[in-house]
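Welcome, and thanks for taking a look at this one with us.

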Amino acid sequence: MSDDKINMNHGAGGEVMANLISRTVLDNITKKSVNGGISLDDLDDGASIPLGDYEIVVTTDGHTIDPLFFPGGDIGRISAAGTINDVSVMGAKPLAISNAIIMQEGFPIEDLDTIIKSLNETCEEVDVAVITGDTKVMPQDKLDGIVMVTTGVGIAKKGEVVRDSGLQVGDKIIVTGSLGDHGMSLMSFREGFGFETELKSDVAPMWNIIKKALDIGGVTAMKDPTRGGFANAINEMASKAGVGVVLEQDAIPIKQEVHAVSEMLGIDPFEVANEGKVVMGVKADKAEAVLEAIKSEKYGENAAIIGEVVEGDYVVVNTPIGGERILEAPIADPVPRVC
């Protein structure tokens, strides 16, 4: 495959996409921050603009998911939830989104109506407004269905933005629910054996869960494990913080249906996208209280403490039989067009 052409891996999270961004975006943009806020160079889930006693957090997402309607959601729900979650994991209260729609000529208006209603219902769950947008139409042979580009805006008190680089030795690692649901449900549906399982996407807005955790305190880092999955998220968090992470495989929540699809397809559930989960670093003395608060919230009942932060430069998983394996960041998410 040519190194000078874009391929599907370049948009699938993981190492390939990171290298592309570094080579073509970071090297060519000159002004990357405002008022000393979190910048493009930080490659966090969003950026911030300090204004007086507050910081405005901004993020943008493009959505090209296939199929547009899938078990548990559609492109409207994932557009809203994905953007809301990127703002939320930075510790900012999400306030509003904008939404740009690019449609193929001939796209059914009934489907568009369903998609927009879904986007709105997702925003309503966490009291987020849809305040502006744009609509474009392309010829039938120039676009596949519909693409949505969503920008989110949130607010946090100055100095209270949570970075994905904040892990500290001794912190506990919490995941807010079972891993791999979204990517595996999509792959199962595409492969035509979705009727054999009740597996659905986990796509959901996470602000209410995150707010509960922040109210307890002790949250040091958060990340939204979408493209590249949990493996990419935890490796990025550890690498940015200059620490290691030890995980207990038995403690990591993964549904039996996800295990089954994973074995059939030969895909690691740690490497596929999640659209309604958060990975958190939490101070050890606050971890149990944070976990209890998360489990009391909708979408948080399967949350678990799954490991801890140690000195080192690796992420390792202790297996049930007493062994261990290094969990590396994936080259790319093995499920294309997952969000």
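## Helices H5 and H8

Let's begin with a helix pair: Ile209, Lys212, Ala213 and Ile216 in H5 meet Ala289, Val290, Ala293 and Ile294 in H8, where contact means heavy atoms within 4.5 Å. Sorted by type, the residues of this contact of H5 with H8 are seven nonpolar, no polar and one charged. In that count, Ala, Val, Leu, Ile, Met, Phe, Trp, Tyr, Cys and Pro are nonpolar, Asp, Glu, Lys and Arg are charged, and the others, Gly among them, are polar. Helices (H or I, at least four residues) and strands (E, at least two) are DSSP runs, numbered from the N terminus.

Please keep in mind that this is a predicted model, in which local features need pLDDT of at least 70 and side-chain atom pairs count only at pLDDT 80 or more, while totals for chains, interfaces and linings use all residues. Residues are numbered from 1 along each chain as its sequence is written, and side-chain values use heavy atoms, with hydrogens and water left out.

The axes of H5 (residues 207–216) and H8 (residues 287–295) come within 9 Å and cross at roughly 150°, which makes H5 roughly antiparallel to H8. Axes here are lines fitted to C-alpha atoms, for helices over the stretch in contact, with angles from 0 to 180 degrees between N-to-C directions. Angles under 35 degrees count as roughly parallel, over 145 as roughly antiparallel, 65 to 115 as roughly perpendicular and the rest as oblique.

## The seven-stranded sheet

Seven strands build an open sheet with mixed pairing, in the order S9-S11-S8-S12-S10-S13-S14; two strands pair if DSSP finds at least two bridges between them. S9 (219–223) and S14 (324–326) each have a single partner strand and stand at the edges, so one side of each is left without a neighbour in the sheet. From one strand to the next, the twist averages 25°.

S8 (residues 172–175) runs antiparallel to S12 (residues 304–310), joined to it by four bridges. Val175 has Ala304 as its bridge partner in S12. H8 packs on this sheet, touching S8, S11 (279–282) and S12, and its direction makes about 5° with that of S8. S8 and S11 are also antiparallel, with four bridges between them, and in S11 the bridge partner of Val175 is Val279.

The structure holds 18 salt bridges, each a side-chain nitrogen of Lys or Arg within 4 Å of a carboxyl oxygen of Asp or Glu. One of them pairs Arg77 with Glu125, whose closest N and O atoms are 3.0 Å apart. This pair links distant parts of the chain, 48 residues apart: Arg77 belongs to H2 (residues 75–88) and Glu125 to H3 (residues 109–125).

H2 and H3 pack at about 30°, their axes 6 Å apart, and are therefore roughly parallel to each other. Their crossing is right-handed.

## The five-stranded sheet

Another open sheet has five strands in the order S1-S2-S7-S5-S6, again with mixed pairing. S1 (47–51) and S6 (129–138) are its edge strands, each pairing on one side only.

Nine bridges connect S5 (residues 93–104) and S6 in the parallel sense, and Ile102 stands opposite Lys136 in S6. H3 lies across S5, S6 and S7 (146–157), running at about 170° to S5.

Note on methods: A crossing is left-handed if the near helix is turned anticlockwise from the far one by less than a right angle, and right-handed if clockwise.
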